[in-house]
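Try each task before you read its solution.

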Amino acid sequence: MKEINKMKFNIKQKLQEMMKSTFKSKGVSKPEEKKANKHIRTDNKNAHHTARKEGRDLIINVTQNAQPKEEYNPRKNAKRVKLYRQNSQEKITSQRIREERVESREGHSERITKALAMSGIASRRECDNLVASGKVIVNGKVAELGQQITPKDRVEVLGKPVRIKWQDRLARIIIYHKPEGELVSRNDPQERKTVYDRIPLLNNRRFMAIGRLDYNTSGLLIFTTSGELANRFMHPRYEVEREYAVRIYGDPLTNDQIQELKSGIQLGDGKANFKDIIKLERQDSDAKNHWYKVILMEGRNREVRRMFEYFELTVSRLMRTRFGLIDLPPRLKRGNYYELNEIEVAKVMQSFGLTIAGTEK
């Protein structure tokens, strides 16, 4: 112990001697020298305390104190975040909703492919292929596409019994702030990055995307375990609003073009129109970029981009900010996702007239 204390004293004495020689060469006054020695003792004490606390070697580096800003990294998994903190009453309500079970209606049935996908066997398209190729057996007979099954039916896939998971409990909803450069697909022949690669939770095949976003489109993307909820969001007959922020490069829209986009223009796959279109900010007439908020009631492939291309205008950025009653939360950063809590899921289901399990009442 004495040797350690002596070593510490020698180091301390050596530092003071070095500082004295420096002050003498620069002509520093005595009070300034004492002040500097005081700072040396304080800094060394704090540094040794930090080293002992963290259990690592003493490395004094000013740049280590600066914490780098967390940025989106496309190679890492998406970060799951909590946006809201529930109070005690909300926690009790959430627990009650989570424990609730929904009884199936008498005579309730589902299409075979939907039931298989709901049970996590494969995607809806892959289940269609399994049925079409005769690899699905129901009650000892080869199943057919579109066939309905009930909870009493016995199902086999590839010669093995399968337990169908009927939706009797709270459905799940995830919202993701999709960045540009990610594909909304489980498989890509070009091996590009997909949203399913970024969110391992979605490897559970019961999750399905509600609509899609193009590879170069960012913003709100919703996933759910309820096929009926996905259908209510996406099918045109339910007229669910989709809201986008659009940035165009070049000349701004004229009043005539805005009216034409509202009344409808003819695209290659039919007529299309915006329910509303609003310029988001005031800009000089010679500005190169112009932002607009647009609302439409359907989601055809690249529809927003094609509508602007109709007037030979280039969309330089496109972001979905709202889908129905679900907004992209301002605090949900790009590349992060959030799972709605039980109360929020129940409100979404109620708005579409569905049970908490996402089935028809």
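Strands are DSSP runs of E with at least two residues, numbered from the N terminus. Residues are numbered from 1 along each chain as its sequence is written, and side-chain values use heavy atoms, without hydrogens and water. This is a predicted model: local features need pLDDT of at least 70, side-chain atom pairs count only at pLDDT 80 or more, and totals for chains, interfaces and linings use all residues.

**Exercise 1.** Find the strand that holds His177. Then decide: is His177 buried or exposed?

*Solution.* Step 1: His177 sits in strand 8, residues 173-178. Step 2: buried means under 20% relative accessible area, and exposed means over 50% (1.4 Å probe, protein chains only). Step 3: the relative accessible area of His177 is 10%, so His177 is buried.

**Exercise 2.** List residues in contact with His177, leaving aside its neighbours within four places in sequence.

*Solution.* Step 1: contact means heavy atoms within 4.5 Å. Step 2: the partners of His177 include Gly219, Met319, Leu328 and Leu332. Step 3: look at Leu332. Its backbone oxygen is 2.8 Å from a polar atom of the His177 side chain.

**Exercise 3.** How many residues has the largest nonpolar core?

*Solution.* Step 1: a nonpolar core is a set of buried Ala, Val, Leu, Ile, Met, Phe, Trp, Tyr and Cys residues joined through side-chain atoms within 4.5 Å. Step 2: the largest one has 35 residues. Step 3: Phe223 and Ile277 are among those with the most contacts inside it. Step 4: a second, separate core has 30 residues, including Ile173 and Leu340.

Notes: Helix = DSSP H or I, 4+ residues; strand = E, 2+ residues; numbered from the N terminus. Polar contact = N/O pair within 3.5 Å; in protein donor to acceptor, adjacent residues only side chain to side chain.
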